[in-house]
Amino acid sequence: ILELEALSATNHNGGALAFGPDGALYVAVGDNAVSSNAQTLANRLGKILRVNADGTIPSDNPFYAQASGVNRAIWALGLRNPFTFAFQRDTGRMFINDVGQGTWEEINDGIAGANYGWPDTEGPTADPDFRSPLFAYNHSGVNEQSGCAISGGAFYNPNVVQFPAEYVGDYFFGDFCNRWIRRYDLGDDGATVFATNTAAALVDIKIAPDG
């Protein structure tokens, strides 16, 4: 269906795959450790891609007229290492976790045509050319309030609710290094600790069918 450009880095390559509520396949691709890749429409690295289930490229992709050939699959750009993302059931809202470099880890609102700023900016920004993250945490310290690489990501919208009612609609995410899981409340734009000392090298979070 899709073959990427030649990849040379040992990280910042492939990421999450998920079918969106529109039936298209969304593909997270890192910058292949070449930061300038994230800001060009001449390749698909450092981007979120969107393709049809049969491998064709939707003509309503935001850069379809500006890009050419396979690069028309680009749906959003300016990402360093979007290792995981998730769609919220019912609303279809998309959150993208972008692993930062020296300072910030980001949760970004997945918007068609958005530019998240890497490598020109990392973390919160007031630059009108870029979309600032919804939430970001930094690398300072070694505790449940900091980390080094955001991972996992799941909205809590199960058919059967087992957690407290205030958890419904919240977004759970983890950190690869510091082994915690936090709960991001969309209502107050804050994140609280849900679990510490989880399994080492946490890479994904899923909500089970039983809630």
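Modeller: Gladly, and let's start with one residue in this predicted model. Tyr171 is in contact with Ala86, Phe95, Asn97, Ile107, Gly152, Gly153, Ala154, Phe155, Arg182, Arg183, Tyr184 and Leu186, leaving aside its neighbours within four places in sequence.

Colleague: What makes these pairs count as being in contact?

Modeller: Contact means heavy atoms within 4.5 Å, so each of those partners has a heavy atom within that distance of Tyr171.

Colleague: Which residues touch the most other members of the largest nonpolar core?

Modeller: That core has 14 residues, and Ile107, Phe135, Tyr171 and Phe173 are the ones that touch the most other members. Strands E8 (135–138), E9 (150–155) and E10 (171–175) each supply at least two residues of this core. A second, separate core has 13 residues, including Ala24, Ile48, Ile96 and Ala114. As background, nonpolar side chains in soluble globular proteins tend to be buried together.

Colleague: Why is His12 called buried?

Modeller: Buried means under 20% relative accessible area, and His12 has 9%, so His12 is buried. His12 lies in the segment before strand E1 (14–19).

Colleague: What makes Asn197 exposed, then?

Modeller: Exposed means over 50%, and Asn197 is at 61% relative accessibility, so Asn197 counts as exposed. Asn197 sits in the segment after strand E12 (190–195).

Colleague: What is there to say about the backbone of His12 and Ala33?

Modeller: His12 has a positive phi of about 60 degrees although it is not a glycine, and Ala33 has a positive phi of about 60 degrees too, again without being a glycine. Most residues other than glycine have a negative phi, and most peptide bonds are trans.

Colleague: Where is there a cis peptide bond?

Modeller: A cis peptide bond joins Trp118 and Pro119, with omega at about 5 degrees. Pro119 lies in the loop between strand E7 (104–109) and E8.

Definitions and conventions:
Residues are numbered from 1 along each chain as its sequence is written. This is a predicted model: local features need pLDDT of at least 70, side-chain atom pairs count only at pLDDT 80 or more; totals for chains, interfaces and linings use all residues. Side-chain values use heavy atoms; hydrogens and water are left out. A nonpolar core is a set of buried Ala, Val, Leu, Ile, Met, Phe, Trp, Tyr and Cys residues joined through side-chain atoms within 4.5 Å. Buried means under 20% relative accessible area, exposed over 50%, partly exposed in between (1.4 Å probe, protein chains only). Helices (H or I, at least four residues) and strands (E, at least two) are DSSP runs, numbered from the N terminus.
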